[in-house]
Amino acid sequence: MSAQEIPPEFDDLLNRLLDSPEGDFSSTDFDRFQSILENSPEAMRQYFEYIDINTGIKSDWNERLKSLEQIVTQQTPDSLATQPAPPTSTPAPRRSHFINYTLVAAASLIVFLFLERMISGHFFWNQPQVVQTETPVVDLPYIATLTRATDCVWGGDTPPKFSGQRLLSQDLFLEEGYAEFRFDTGVRIVIEGPTKIKMDSACCATVSSGKVVLHGYEAAPEFALVTPQLTFLDIGTEYGAKIHADGEVDLHVFEGAVRVDPNQDNELFTESIIIKEGQARQLKENQIEDIELKPEDFKREVPTNPKNLQAIREETRVYDSFHPAVISDPESFSDWRNAGIGWKTPWRNRLNGGDPARGDSQPLKSLAGAKLADDQLGLVELRKGNTAWRSLEKPVRMNKDAIYYLSFYIQKQNSGNSTDKQYGNLSLQTSAPAKHQTRILLGMSSQNFSTLQAGMQVIENAPPLQSNKTYFFVAKIVASENALDQVFMRAFAPEETIPSYEPPVWTCATDPFRDSSVYDQVRLHAARNAEFLFDELRIGTTWDSVINTQSPVLAP
């Protein structure tokens, strides 16, 4: 019999085995059925498909064998599995459907044990042991961000690497310089080296020694600053605290008030005290003394070193003004696909190659409100399903510790009354095919909501944006090698001032997630019933590099 052929009587035997009255399936029938299974893999496959449907056995062969083994060992009498059938010269005993089924299961088990041994070299109960060598990854929550750092020298084993870095609960030692942390509750802390601080949670930090200025946030829950002897709780507060090595504290309250609570091992304070705005106290182990309020003794904000254009240029990885080298007549035919820096290819209409991307150039216009250089003028209009792809020289890598910023201008044109297929966006994608394609996407939905997509998350926030109005989108991408990743996005309206530092409040923010993708493609897209304008695209490593209106191409 050919291994691929199924005898015609197979279906009849299978149906009679499982559905016929008791005793109707003889030993001869059973022997014939077993022979077919042994010689026809296709018959065996059909048999298991039937069993899968009726018993829920998994498709994996090892899982099937385990299920069948359990059926045989738990439900089949030992004598039935090991003894030969009764002689055919005597009347066959009546068999129940239960016994018929287990006989077939036993036969199937024998066949598959043989196949398993031939294919893998061992039986499923004798699998080679795999030694687990990797330490399980524990996803700790982020609690704060290092927003600014100037002239910093860090000590300790795990110092922050760059401004914008998201922080887990950890001990930090700033030997020199100034740093600002923004906790996820909105509270800001400015420290001056040398200071030892531990991030306990989004609502608590411990300072062993050093100088700290805390800026409270009204919408935040009460924030606790713990020192060796005392705990300070802000009441709509800005205050400065100098914590000495012996645990004494000089407390200066600039705004609001501070509640001072004793720690458990402090016998001085038996109850809380309130220190009000304009007051300063020296809190010692056994006494409280009035001291002069001296705001000038504290760095209430991190001093900054102005950056020149060359420094910003070095922090800019990608730039595109969509300004064509030659303006055609008509202008819409101008070649906008090769402008900018940081690209490997021109804009094209398919992911990996293809024709030049479709889209109309407007070389003398700009969505940016600021005065621009001549070579910054230009924007591109995509409509009716247009898609443009371009490859990056330096990909956005989510598999390493890094911070990326991305910005662009976008305007949705009024495309009639239809609300279907009216979205437009910019996304980072990978050219490597994957079973589950991931991307980071920023744009406007068909209902005009600002949209952020990253990992498996899609966030749309109200209120809706307006058609025929320009918005400046800025995203922050937090990439981590061993911790979680996160993406933030802010949509600025024309009347809003772009801050010099990343904002405390974002329009959309993802929950932390895992992504090890290497995004080497940028895609612009306008849906089938939509028209969108795009302009001034930047990718950089700092906030400054993506909000500066000067052209990095002009840097010396």
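Predicted model: local features only at pLDDT ≥ 70, side-chain atom pairs only at ≥ 80, totals over all residues.
Q: What percentage of the residues in the protein chain is buried?
A: A residue is called buried when its relative accessible area is under 20%. The protein chain has 556 residues, and its secondary structure comes to eight helices and 27 strands. The buried share of these 556 residues is 48%.

Q: Which residues have the most contacts inside the largest nonpolar core?
A: The largest nonpolar core has 47 residues, while a second, separate core of 35 residues includes Ile197, Ala205, Leu214 and Val258. Leaving aside neighbours within four places in sequence, Trp347 is in contact with residues including Phe322, Trp336, Val522, Leu524 and Leu537. Inside the largest core, the residues with the most contacts are Trp347, Phe408, Leu428, Phe473 and Val522.

Q: Which residues of strand β10 point the other way from Ala280 and Gln282?
A: In a regular strand the side chains alternate between the two faces of the sheet. Strand β10 covers residues 280-283, and all four of the residues named for it, on either side, are buried. Ala280 and Gln282 point one way, and those that point the other way are Arg281 and Leu283.

Q: Which residue in β11 stands opposite Leu283?
A: Strand β10 pairs in the antiparallel sense with strand β8 (residues 249-262) over four bridges, and there the bridge partner of Leu251 is Arg281. With strand β11 (residues 288-290), β10 also pairs in the antiparallel sense, over three bridges, and a hairpin of four residues joins β10 to β11. In this second pairing, the residue opposite Leu283 is Ile288.

Q: Is Ser517 buried or exposed, and what is its relative accessible area?
A: Ser517 is found in the loop between β25 (508-509) and β26 (518-526), and its side chain is joined to that of Asp515 by a polar contact of 2.7 Å. Leaving aside neighbours within four places in sequence, Ser517 is in contact with Val396, Arg397, Met398, Asn399 and Thr438. Ser517 counts as buried because its relative accessible area is 15%.

Methods:
Residues numbered from 1 in each chain as written. Heavy atoms only, no water. Buried < 20%, exposed > 50% of the residue type's maximum accessible area, 1.4 Å probe, protein only. Helix = DSSP H or I, 4+ residues; strand = E, 2+ residues; numbered from the N terminus. Pairing = 2+ DSSP bridges. Polar contact = N/O pair within 3.5 Å; in protein donor to acceptor, adjacent residues only side chain to side chain. Contact = heavy atoms within 4.5 Å. Core = buried A, V, L, I, M, F, W, Y, C linked by side-chain atoms within 4.5 Å.
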